[in-house]
Amino acid sequence: GQKLTAAGADFVLYPQEVVARQAILQVKKQYANRVAQRLFSLLAGWEGTLGIITHKNPDPDAISSAMALAEIARQANGRTLAARILYEGNIGHQENRTFVNLLDIKMERLTPEILSRCTYLAMVDCEGPGANNDVPPQTKIQIIIDHHRGGKHPAPQAAFTDIRPGVGATASIMTQYLQE
């Protein structure tokens, strides 16, 4: 590489690195496709109400992830599955409130009554009940999607779990699902 650069090459390619990167990219794409299809199939078979719970004081990552999951649920089964986006705490930062208001995002405060009306529960941008939320730890959650893994709470048991600490945001995971 140094000899080629010294001889005037603008860019040096190492075929083994190019092939290795492409192989890794294809494996990641295959994984994302498989996981997205599993989520879509799961939602397609459900009837009732899906409560999508964000963490306390939701930020744009949590809000947009909840919106994406609601859209995937609508695409998978819009006739018999309704989605409600639920949150606790406050949407405290002005820019987050503006985000919700500007996009007219329907979000409801999580109450025990609303929780009991949901046939299925999903958590986005939190790793399970009791992790940055006041959802009782014994609550049965069907879907958990997050990019955090704090280890302070027991590993969640859900029909669908996708927790990827190496990803920068839950919204990035949701974007992959939407792309697939």
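**Reading a predicted fold: a dialogue**

Author: The protein chain has an average pLDDT of 89, and 96% of the residues score at least 70; pLDDT is the predictor's confidence in each residue, from 0 to 100. This is a predicted model, in which local features need pLDDT of at least 70 and side-chain atom pairs count only at pLDDT 80 or more, while totals for chains, interfaces and linings use all residues. Residues are numbered from 1 along each chain as its sequence is written, and side-chain values use heavy atoms, with hydrogens and water left out.

Reader: Where in the protein chain is confidence lowest, and where is it highest?

Author: The lowest confidence falls in helix α4 (residues 94-102), with a mean of 80, and the highest in β1, at 97. Helices (H or I, at least four residues) and strands (E, at least two) are DSSP runs, numbered from the N terminus.

Reader: How is the sheet to be read, and in what order do its strands stand?

Author: Strands of a sheet pair through backbone hydrogen bonds, either parallel or antiparallel. Here 6 strands make an open sheet with parallel pairing, in the order β3-β2-β1-β4-β5-β6. β3 (107-109) and β6 are at the edges with a single partner strand each, so one side of each has no neighbour in the sheet. On average, neighbouring strands of this sheet are turned by 25 degrees against each other, direction ignored; the axes are lines fitted to C-alpha atoms, and angles run from 0 to 180 degrees between N-to-C directions. Two strands count as paired if DSSP finds at least two bridges between them; β5 and β6 pair in the parallel sense over 4 bridges. I143 has F160 in β6 as its bridge partner.

Reader: What span should helix α2 have, and how far apart are its end C-alpha atoms?

Author: The expected span of a helix is 1.5 Å times one less than its number of residues. The 30 residues of α2 (residues 15-44) should therefore span 44 Å, and the end C-alpha atoms are 43 Å apart, which agrees.

Reader: Which residues of α2 are buried, and against what do they pack?

Author: An α-helix has 3.6 residues a turn, so residues three or four places apart point the same way. In α2 the buried residues are A32, V35, A36, L39 and L43, where buried means under 20% relative accessible area, exposed over 50%, and partly exposed in between (1.4 Å probe, protein chains only). They pack against β1 (48-53), α3 (60-77), β2 (81-87), β5 (143-146), β6 (160-163) and α6 (170-179). The buried residues of α3 include I63, L69 and I72.

Reader: What does L81 touch?

Author: L81 is in strand β2 and counts as buried because its relative accessibility is 6%. Contact means heavy atoms within 4.5 Å; leaving aside neighbours within four places in sequence, the contacts of L81 include L43, W46, L50, A73 and Y120.

Reader: Is T139 buried or exposed, and where does N132 lie?

Author: T139, in the loop between β4 (120-124) and β5, counts as buried at 18% relative accessibility. A polar atom of the T139 side chain lies 2.8 Å from the backbone oxygen of P136. N132 is also found in the loop between β4 and β5, but is partly exposed, with a relative accessible area of 45%. The C-alpha atoms of N132 and H55 are separated by 5.5 Å, although the two residues are 77 residues apart along the chain.

Key. A polar contact is a pair of N or O atoms within 3.5 Å; within protein, one must be able to donate a hydrogen and the other to accept it, and residues adjacent in sequence count only if both atoms are side-chain atoms.
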